[in-house]
Amino acid sequence: MADFLIAPSILSADFARLGEEVENVLAAGADVVHFDVMDNHYVPNLTIGPMVCKALRQYGIQAPIDVHLMVKPVDRLIGDFIEAGASWITFHPEASEHIDRSLQMIRDGGCRCGLVFNPATPLHYLDYVMDKVDMILLMSVNPGFGGQRFIPGTLNKLRQVRERIEQSGREIRLEIDGGVGIQNIAEIAAAGADTFVAGSAIFNTEDYAATIAQMRAQLAG
Ligand code: DX5
Ligand code: ZN
């Protein structure tokens with residue numbers, strides 16, 4: 001069985017009690033903390049930055065923090081997130097002037113790096129960097145907000161990326177973000193994803209452990 005990772009998006013957590021929320025969702029069985037950074041420029045919403053990442057580390061969170069940068073420009077924030085304790089950093093290639101450089105900056109800082117593709121962003125950005133990415137994140141909604149519906153065409157795109165990963169012969173995680181829940185996680189895994197971001201599907205439920213257990217049960221098929 002593939003090793004599947006569940007990455008709750010803290011965008012849907014209670015920000016007034018963020019440390020506790022993250023602690024609870026990890027205790028409930030989550031593997032990774034998905035950290036959505038929005039700048040009101042690249043996407044029409046404004047969220048959290050490196051200070052909050054650092055605060056989570058100081059609070060004692062030890063799980064990997066998966067920083068999803070929805071910002072333009074990209075490079076200015078990379079160093080700050082490395083210092084703040086990020087583990088993985090992904091960005092949208094069309095938001096970076098120099099994709100190879102941004103990836104290299106992340107790697108040089110000791111973090112894992114990856115590219116994020118919006119539903120209509122072509123995959124050709126991968127052409128010359130397959131040997132440099134540790135993960136590929138496909139958006140299954142347009143970025144900016146939690147609680148949107150999964151765009152079905154993403155399943156085909158997942159299959160295409162999975163094929164490219166197999167061809168590369170490298171270990172590259174394939175992450176999916178947007179509209180993921182108990183009802184569609186099995187289908188998404190079948191299309192090739194191995195890392196599942198879920199915000200509202202987890203944080204809008206009463207019992208995080210029960211929700212994550214149901215997701216894993218779906219994945220176990
Ligand atoms: C959207 C964010 C997602 C979002 C997912 O721009 O990147 O991580 O929070 O939320 P759900 O799971 O509710 O679609
Ligand atoms: Zn995200």
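Predicted model: local features only at pLDDT ≥ 70, side-chain atom pairs only at ≥ 80, totals over all residues.

The dialogue below treats the ligand site, the annotated residues, the core and a pair of strands.

Me: Which residues come nearest to ligand 1?

Reply: A residue is near a molecule if its C-beta atom, placed from the backbone, lies within 6 Å of it. Around ligand 1 there are 21 residues, of which Ser 9, Pro 143, Gly 146, Gly 199 and Ser 200 come nearest. Two or more residues of the shell are given by each of β2 (33-38), β8 (195-198) and α7 (200-203); helices (H or I, at least four residues) and strands (E, at least two) are DSSP runs, numbered from the N terminus.

Me: How do the residues of the shell around ligand 1 divide into nonpolar, polar and charged?

Reply: Ala, Val, Leu, Ile, Met, Phe, Trp, Tyr, Cys and Pro count as nonpolar, Asp, Glu, Lys and Arg as charged, and the others, Gly among them, as polar. The shell around ligand 1 holds seven nonpolar, 12 polar and two charged residues.

Me: Where does UniProt place the feature "binding site"?

Reply: UniProt positions are given in the numbering used here, feature names are shortened, and annotations may be inferred rather than shown by experiment. The unreviewed UniProt entry places one such feature at His 34, Asp 36, His 68 and Asp 177. These residues are spread over 144 residues of sequence, yet they cluster in space, with a largest C-alpha distance of 10.5 Å. Another "binding site" annotation in the unreviewed UniProt entry includes Ser 9, His 68, Asp 177 and Ser 200.

Me: Is His 68 buried or exposed, and what is it in contact with?

Reply: A residue is buried if 20 or more other C-beta atoms lie within 10 Å of its own, exposed if 12 or fewer, and partly exposed in between. His 68, in strand β3 (residues 65-70), is buried because it has 26 C-beta neighbours inside 10 Å. Two residues are in contact if their C-beta atoms lie within 7 Å. Leaving aside neighbours within four places in sequence, the contacts of His 68 include His 34, Asp 36 and Asp 177.

Me: Is Ser 200 buried, exposed or partly exposed?

Reply: Ser 200 belongs to helix α7 and is partly exposed, because 17 other C-beta atoms lie within 10 Å. Beyond four places in sequence, Ser 200 is in contact with Ser 12, Gly 146 and Gly 147.

Me: Which residues touch the most other members of the largest nonpolar core?

Reply: A nonpolar core is a set of buried Ala, Val, Leu, Ile, Met, Phe, Trp, Tyr and Cys residues joined through C-beta atoms within 7 Å. The largest has 66 residues, and Val 67, Leu 69, Phe 81, Ala 86, Ile 89, Ile 136 and Phe 196 touch the most other members.

Me: Which way do the residues of strand β4 point?

Reply: In a regular strand the side chains alternate between the two faces of the sheet. In β4 (residues 88-91), Trp 88 and Thr 90 point one way, Ile 89 and Phe 91 point the other way, and all are buried.

Me: How many bridges join β3 to β4?

Reply: Two strands pair if DSSP finds at least two bridges between them. Four bridges join β3 to β4, and the two strands run parallel. Asp 66 has Trp 88 as its bridge partner in β4.

How values were computed:
Residues numbered from 1 in each chain as written. Chains lettered and ligands numbered in written order.
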